[in-house]
Amino acid sequence: MTDVLSGAVDLGDSGTRSVVTEQAVQNGYSGNAIFGNPFWPFDGTWNALNPISRASRLQGVSVALYAGGGSNDQDVRYLDALATPVTE
């Protein structure tokens, strides 16, 4: 199984929350459309789905990191040195 996470990882960060809600609004959705209200004490979904707080569930999962401009498959590079299992 392959899952993909693109973008900022820490959903607890106020800058990340600002970008996510602003992008929703710019694309015609409510600022609360993605994970609900981003402000305490109404930010339960943001906190529950934050990958940073759920990292322990990833123990033993291998990570492959690719980087590129996203315009075509030829500009993507596999960053082999970072492809190691999560052990913490």
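**Confidence**

I started with the confidence values, since this is a predicted model. Helix 2 scores highest, with a mean pLDDT of 92, while strand 2 (residues 77-78) scores lowest, with a mean of 61. For the protein, I noted a mean pLDDT of 77. I also wrote down that 65% of the residues reach 70 or more.

**Layout**

Next I looked up the elements. I found two helices and two strands, and reading from the N terminus they come in the order α-α-β-β. Helix 1 covers residues 14-26, helix 2 covers 44-48, and strand 1 covers 66-67.

Then I checked burial over the whole chain. Of the 88 residues, 11% are buried. The protein exposes about 6900 Å², and 55% of that area comes from carbon and sulfur atoms.

**The salt bridge**

How many salt bridges does the structure hold? I found one. Its partners are the side chains of Arg17 and Asp43, with 2.9 Å from N to O. The pair ties together distant parts of the chain, 26 residues apart: Arg17 belongs to helix 1, and Asp43 to the loop between helix 1 and helix 2.

Are these two partners buried or exposed? Arg17 has a relative accessible area of 8%, so I put it down as buried. Asp43 is at 7%, so it is buried as well. I looked up what else surrounds Asp43: setting aside neighbours within four places in sequence, it is in contact with Asn37 and Pro38 as well as Arg17.

**The loop between helix 1 and helix 2**

While in this loop I checked the peptide bonds. The one from Trp40 to Pro41 is cis, with omega near 5 degrees. Pro41 sits in the loop between helix 1 and helix 2, which is also where Asp43 is found.

At a relative accessible area of 45%, Ser18 is partly exposed.

I moved on to the loop between helix 2 and strand 1, where Asn50 has its place. Asn50 counts as buried because its relative accessibility is 7%, under the 20% limit. What does its side chain reach at 3.1 Å? I found the backbone nitrogen of Ile52 there. Beyond four places in sequence, Asn50 is in contact with Val9, Asp10, Leu11 and Gly12.

Asp10 is partly exposed, because its relative accessibility is 31%. Leaving out neighbours within four places, its contacts are Thr16, Asn50 and Ile52. I also logged the C-alpha distance from Asp10 to Asn47: 9.5 Å, for two residues 37 positions apart in sequence.

**Leu49**

Leu49 is in the loop between helix 2 and strand 1 too. Which residues does it touch, not counting those up to four places away in sequence? I listed Leu11, Phe35 and Arg54. Leu11 is 38 residues away in sequence, yet the C-alpha atoms are 7.7 Å apart. At 40% relative accessibility, Leu49 goes down as partly exposed.

**A nonpolar patch**

My last stop was the surface. Leu58, Val61 and Val63 form a nonpolar patch there, and together they have about 220 Å² of accessible area. Leu58 lies in the loop between helix 2 and strand 1. Why is Leu58 partly exposed? Its relative accessibility is 43%, which falls between the 20% and 50% limits.

Methods. Residues numbered from 1 in each chain as written. Predicted model: local features only at pLDDT ≥ 70, side-chain atom pairs only at ≥ 80, totals over all residues. Heavy atoms only, no water. Patch = residues over 30% accessible without salt bridge, like charges linked within 9 Å, V, L, I, M, F, W, Y side chains within 5 Å. Areas by Shrake-Rupley, 256 points an atom, 1.4 Å probe, with all protein chains shown as cover. Salt bridge = Lys/Arg side-chain N within 4 Å of Asp/Glu carboxyl O. Helix = DSSP H or I, 4+ residues; strand = E, 2+ residues; numbered from the N terminus. Buried < 20%, exposed > 50% of the residue type's maximum accessible area, 1.4 Å probe, protein only. Contact = heavy atoms within 4.5 Å. Polar contact = N/O pair within 3.5 Å; in protein donor to acceptor, adjacent residues only side chain to side chain. pLDDT = per-residue confidence, 0-100.
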